[in-house]
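Work through the exercises below with the sequence and the structure at hand. Try each task before reading its solution.

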Amino acid sequence: MLRKFLDRIKPHFEEGGRLQAFHSLFDGFETFLYVPNKTSKVGVSIHDAIDSKRIMSIVVIALLPALLFGMYNLGYQNYAAAGVTGTFFEMFLYGFALTLPKIIVSYGVGLGIEFVVAQWKKEEIQEGFLVSGILIPMIVPVNCPLWMLALAVAFAVIFAKEIYGGTGMNIFNPALVARAFLFFAYPTSMSGDQVWVAGEKFLGLGNDLGADALTQATPLGQAASNVDITASVSDMFVGLIPGSIGETSFIAIAVGAVILLYTRVASWKTMLSVFVGGALVGLLFNSLGLESNAVANMPWHVHLITGGFAFGAVFMATDPVTSARTEQGKYIYGFLIGALAITIRVLNPGYPEGMMLAILFMNMFAPLIDYCFVQSNINRRLKRVQK
Amino acid sequence: MERLYKIKKGLDLKLKGEAQLQVESLGLSGVYALLPSDFHGVTPKMVVKEGEEVLVGSPIFVDKATEKIKFVSPVSGKVKAVVRGDRRKLLAILVEADKELKHVQHDVQGWAEWNAEQALELLLQSGLFAFMKQRPYDVVAMPTQMPKSIFVSTFSKMPLAADFSFVVKGKEDYFKAGVSLLAKLAKVHVGISPEQINTPILPLKDAEVSVFDGPNPSGNVGVHINHIDPINKDEVVWVMASEMVVKVGMLLATGKVDFTKVVALAGSEMAAPQYCEVIAGAPLKDVLAGQVSNEEHVRIINGNPLVGCKDTLAGYLSATVSEVCAIPEGDNVHEMLGWIAPRLKDFSTSRSYFSWLMGSNKEYDLDCRIKGGQRHMIMSGEYDKVFPMDIYAGYLVKAIITGDIDKQEQLGIYEVAPEDFAVAEFVDSSKLELQRIVREGLDILRKENS
């Protein structure tokens, strides 16, 4: 029945139809509902069932545990700060109500731009933004205003993706560019100790917090200002700490990592190397005995479970487009991300979020890493001639 | 002792409708076609006119560049029509077949004592040289530049491909003689599969035999060349299909060229998948009589589903293929929410599906849907997993897309043919037409270098 309906309205969206301007929108929805039954004309007659829609969907599914936990944690932090006990559902719904508008804005703005560009370039909609669109709300603080988010999404989609030619051609991870944009354009809304806990009632849920109760620093923020970390390691591991919406829970992120690694959508080489790089450099700083620097003395395993390190390692560093593309290059790329992230954290207390900068920095150098490995293949070929 | 090469990268795929090991002989058809599209890289120049009488082995057209390579008629009879397309491009030459075939007779006395020049002359005169291909460029070989070596592969791991061990049964001596003649031109490397070690196609006294053990495309000569004797710039390697080597041997034994071939009729849409004995260029509607009755929603492939060409019942059997396949077209399938559904009947190398749990013996009935939109290259390392050569396939494809000829040369474009990218094209989640891209890249490069 749905098929018949689609077939009936389809002519309107084709070239010359009344709704031609919405062709890419229609096409996007049609291919979302039904596998396109376009058959091959040249080359192989049969194709693997995998396509980029499926791959992106897997990543979104892998993000869900962290997202759902993040929603709960928003409520938990609010109730804990207010000193009120709430039920699980109260806390979850509160977080859900706060997060949903962010997701809607992110997808609305991002997909809107994608649809316009696709229509303009007469291309199919690319599904890359399915992932970026959910990543962005997960890596901002809860108190980030919606208009800021919309601005950041628009900036990232246009200047980090579309001007390069769309999904598959971009150099920097669009979600991280959105976050970096916010971080540098509106630093007070992105860091400090006022942004991590929602402090207002929303739709009758949650509690109004006073200025004191609202002040909640992340563990990394505390360490960076040489204050004792209040959260226990087990809280950090579970994720019941203040932080960006989706990146607090190591456990939820680990579930996502299992999904990505099992389906082989993400490269285990990159993921593992980030953790190894982070752990080794963490150990190195531990052993240096820098008395005055609390971050340097944070145990290496605490480094790995705080401040978006795990989230970046699992969901950002493994982005196939912006990471190294050669298999050996992935080890180096991942290792340097982990190492740099910890180094930035320790050496520059102004940027406790080293992970974002580390990944963006390595995005830039991924082609160079690949170049070295590809060049060695080329040199082998040249040597063969000389022999 | 043969040297063994273990190939790890690649992908074996079982499709429904593999040909039963039995041969049905087809009678003579009324009309046969010689198809210039079988001989890539050649500009044809006609040497007969419509209405002229020809024998089996009479030249129909020659290549315009050297006029040495002859493309000969598969049957004797009258040239019925010369079919041309846009801009007078030669599409087919149709020959009305005699009731009894008459052959051109070649002098093959004492061939065992011949030198390279005599051997080459026989191949050129008989028309069998047209089936010699060269790397680089994957085009019909040029007799003006002798190769450093000649490669023959005796097996194919492509899905539904014909089994050469079966096709060659009873003609092993022809194969051996054919190899011996080729060995007069250059060093011959024969690549066999492990199952062929104890079969009568061995021993081959004039060739170096290597065993290639691994998944598709381990039967591709391109893979053999890359492992044994990779091509460098300005070097040329020749390649001949094993069944054409048999034809060379038959020519040496009888003095006649015979274009009768045993092809596999395979695929889930064939009524009775089996082998059939037929002359190259036969109309597909005769070849597939009783096998495919309704063409609607069925794809007929001249060749196998990975490297064959889409065709119709109005087409003709290509002289270079060893199988004809019929599989579902899939243009009438509406599959809902495929991006999330489990799709147990479908095959995928991705673990987001479950086919990896089904074991490698499960047979799939795949249709011709692309099953996704074309995208820029997103995932990394997809091609390399099924590309068993010391070449960065993804980077090479990018260099071809961007037209960077220096990079293409550096990355090893001279060593590859479109067919080597077939498995990569199958698994590609970005659905790029890799074989077309590589073909066009090779053609442009050949023009630039000539």
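**Exercise 1.** Find the residues in contact with B:Lys45, leaving aside its neighbours within four places in sequence. Then decide whether B:Lys45 is buried, partly exposed or exposed.

*Solution.* Step 1: Two residues are in contact if their C-beta atoms, placed from the backbone, lie within 7 Å. By this rule the partners of B:Lys45 are B:Phe61, B:Val62, B:Lys64 and B:Glu67.

Step 2: A residue is buried with 20 or more other C-beta atoms within 10 Å of its own, exposed with 12 or fewer, and partly exposed in between. B:Lys45 is partly exposed because it has 13 C-beta neighbours inside 10 Å.

Step 3: B:Lys45 belongs to strand 4 (residues 44–46) of chain B. Helices (H or I, at least four residues) and strands (E, at least two) are DSSP runs, numbered from the N terminus.

The model is predicted: local features need pLDDT of at least 70 and side-chain atom pairs count only at pLDDT 80 or more, while totals for chains, interfaces and linings use all residues. Residues are numbered from 1 along each chain as its sequence is written, and chains are lettered from A and ligands numbered from 1 in the order in which they are written.

**Exercise 2.** What is the order of the four strands in the open sheet of chain B, and which are the edge strands?

*Solution.* Step 1: Two strands pair if DSSP finds at least two bridges between them. The order in chain B is 3-9-8-5, with antiparallel pairing.

Step 2: Strand 3 (31–34) and strand 5 (53–54) of chain B each pair on one side only, which makes them the edge strands.

Step 3: Strand 8 (residues 77–84) and strand 9 (residues 90–97) of chain B are joined by seven bridges. In strand 9 of chain B, B:Leu90 is the bridge partner of B:Arg84.

**Exercise 3.** Which strands of chain B does strand 13 of chain B join through five bridges? Why is strand 13 of chain B described as largely enclosed?

*Solution.* Step 1: Strand 12 (residues 149–153) of chain B runs parallel to strand 13 of chain B, with five bridges between them. B:Ser149 stands opposite B:Lys187.

Step 2: Five bridges also link strand 13 of chain B to strand 14 (residues 207–213) of chain B, again in parallel. Here B:Val188 faces B:Ala207 as its opposite residue.

Step 3: Strand 13 (residues 187–192) of chain B is largely enclosed by the rest of the structure because five of its six residues are buried.
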